[in-house]
Amino acid sequence: MKTVVLYPSLGVGHLNPMVELGKVFLRSRLSVIIAVVDSPDAMGRLATANPDITFRHLPVPPTGKDKYSHPIMRTIDVLRVANPALRSFLRTLPAIDAVVVDMFCTDALDVAAELDIPAYFFFTSPLGHLAVNVHLPYNFPAVSLKDMPETMLHFPGVPPIRAMDMVTTVQDRESDITRARLRQCARMPEVRGFLVNSFDWLEARALKALRSGLCTPGRSTPPVYCIGPLVPPGNTGGSRERHACLEWLDTQPNRSVVLLSFGSMGIFSEPQLREMARGLESSGHRFLWVVRNPPEHQSSKSIEPDLEALLPDGFLERTREKGLVVKNWAPQMEVLRHDAVGAFITHCGWNSALEGIVSGVPMICWPLYSEQRMNKVHMVEEMKVGVAVQGYEKELVEADQVEAKVRLVMESDEGKKLRKRLAMAKKMAADALKEGGSSYMGLEKFLEGLKKSSPELKA
């Protein structure tokens, strides 16, 4: 049996996708080991839920630094000092056929090369983001992006991207984090291949640009294997009690409810919450809204938001026949798959975007942080699975904009076209994963590559 070691970056947001990939590999009769640098509590829970995957926690010494110019710089530093622990662990294994790392783990490529183990990247963002990343070292402007926010940047295989919509980690050319990320992007083509959580039909132009070598001029591009969409199934009928919001959705007409859900880190200021509430109420449409405490309330002892205090006076009472506000969390995948949901206001995290796509739900894009602005460009301009709110750049989207976008998706001819596009995307996503589909074959090609090489671990 072939053995693959998965090596995620820091944080549960990087660990969870690796677990989903591990499940795919298990179904392909691979032995799967996940080496985890942090998140021991989350690792323990995931290990209990996935007994067929072996989890190993790597002890990592302190980096010697107390302060970092950017949170990602700490991640890069921790993963750098983790190399000796990773090397020692890999040497304890009798045979390893591949190491799969995520986008921040480029230092691990040195360990893989030293031990002569084939290394692959698992890319959990859109394929268009990969096209931008590997081309960025060839095409980075001479001035900082933050100084030219409206300038359109051009990369092979993707729509033009405003400088302000590029990822936050490359905005300042002179910063430590931008220099570090450019170095990492330059090293990405060193791997044997890219496993990407997307599918051919959704991002055909980016895939063609990568495979034709346009993104890495003068250098060969490793094979790209689209194996997605990999989306957690949600509750499939186990012992967990059904969430109350699903019972509420059962009473709503088909495709009548707008879901507002912004990921585990999606929080808004109190003024923004009030604008959202006014826009929803003015739209007249039904809604299911997940609300968390705003930043100014995050330090309070209560983790539950005080909805009466945060939202406009009388809002909950006036909208109780049409709306439901849920505190902190809702089972997003199960909600999206419910027949009552007709639109999804999302922060454009790629996992959430894929959940919307596989559920066939049109999206209203409201990016918040990290790579989400760039995801928005791919989703709206290239994939055509959503529309974007105006004003997110200024960190305050006004009520009339919320109302306008809800009405556009739920009422207009443009909204009808969007729903047809999502119905097609849903079908194509399912077809990609079927036997003989593009993602099924992508995984098969990756597995064929493993069979052709059985490296012996160097001492």
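Q: Which residue ranges make up domain 1 in the domain assignment?
A: The model is a predicted one. Its domain assignment gives two domains, and domain 2 covers 244-430. Domain 1 is written as two segments, 3-233 + 434-452.

Q: What distance separates the centres of domain 1 and domain 2?
A: The two domains touch: 29 residues of domain 1 are in contact with 27 residues of domain 2. Taken over C-alpha atoms, the separation of their centres is 28 Å.

Q: Which strands stand at the edges of the open sheet of seven strands?
A: The strand order in this sheet is β3-β2-β1-β4-β5-β8-β9, and the pairing is parallel. The strands at the edges have a single partner each, so one side of each is left without a neighbour in the sheet. These strands are β3 (54-57) and β9 (224-226).

Q: What is the average twist from one strand to the next in the sheet of seven strands?
A: The sheet is open, with β3 and β9 at the two ends of its order. From one strand to the next, the twist averages 25°.

Q: Which residue in β8 is the bridge partner of phenylalanine 122?
A: Strand β5 (residues 119-123) pairs with strand β8 (residues 193-196) in the parallel sense, over four bridges. Phenylalanine 122 has as its bridge partner in β8 leucine 195.

Q: What angle does the direction of α18 make with that of β9?
A: Helix α18 spans 438-452. This helix packs on the sheet and touches β1 (3-7), β4 (98-101), β5, β8 and β9. Its direction and that of β9 make an angle of about 135°.

Q: Which are the edge strands of the open sheet of six strands?
A: Here the order is β12-β11-β10-β13-β14-β15, with parallel pairing. An edge strand pairs on one side only, and this holds for β12 (323-327) and β15 (386-388).

Q: Which residue in β14 is the bridge partner of phenylalanine 344?
A: Strands β13 (residues 341-346) and β14 (residues 363-365) run parallel and are joined by three bridges. In β14, phenylalanine 344 is bridged to methionine 363.

Q: Which strands does helix α15 touch?
A: Helix α15 (residues 372-383) packs on the sheet, with its direction at about 125° to that of β15. The strands in contact with α15 are β13, β14 and β15.

Q: Why does the second largest pocket lie between domain 1 and domain 2?
A: The space in this pocket is about 440 Å³. Of the 20 residues that line it, the closest to its centre are Val24, Arg27, Pro229, Leu230 and Leu433. Helices α1 (12-27), α17 (413-433) and α18 each supply at least two residues of the lining. The pocket lies between the domains because its lining takes residues from both domain 1 and domain 2.

Q: What is omega of the peptide bond that joins glycine 228 and proline 229?
A: Proline 229 is in the loop between β9 and α9 (244-250). The bond from glycine 228 to proline 229 is cis, with omega about 5°.

Q: What is phi of aspartate 116?
A: Aspartate 116 belongs to the loop between α5 (108-114) and β5. Most residues other than glycine have a negative phi. In aspartate 116 phi is positive, near 60°.

Key: Residues are numbered from 1 along each chain as its sequence is written. This is a predicted model: local features need pLDDT of at least 70, side-chain atom pairs count only at pLDDT 80 or more; totals for chains, interfaces and linings use all residues. Side-chain values use heavy atoms; hydrogens and water are left out. On a 1 Å grid over the protein atoms alone, a cavity is a set of points where a 1.4 Å probe fits but cannot get out, and a pocket is an open set with protein on both sides within 12 Å along at least five of seven lines; lining residues have an atom within 4 Å of a point. Grid points are joined across faces, edges and corners, and a volume is the space filled by probe spheres set on the points. Domain bounds come from an automatic or database domain assignment. Two strands pair if DSSP finds at least two bridges between them. Axes are lines fitted to C-alpha atoms, for helices over the stretch in contact, and angles run from 0 to 180 degrees between N-to-C directions. Contact means heavy atoms within 4.5 Å.
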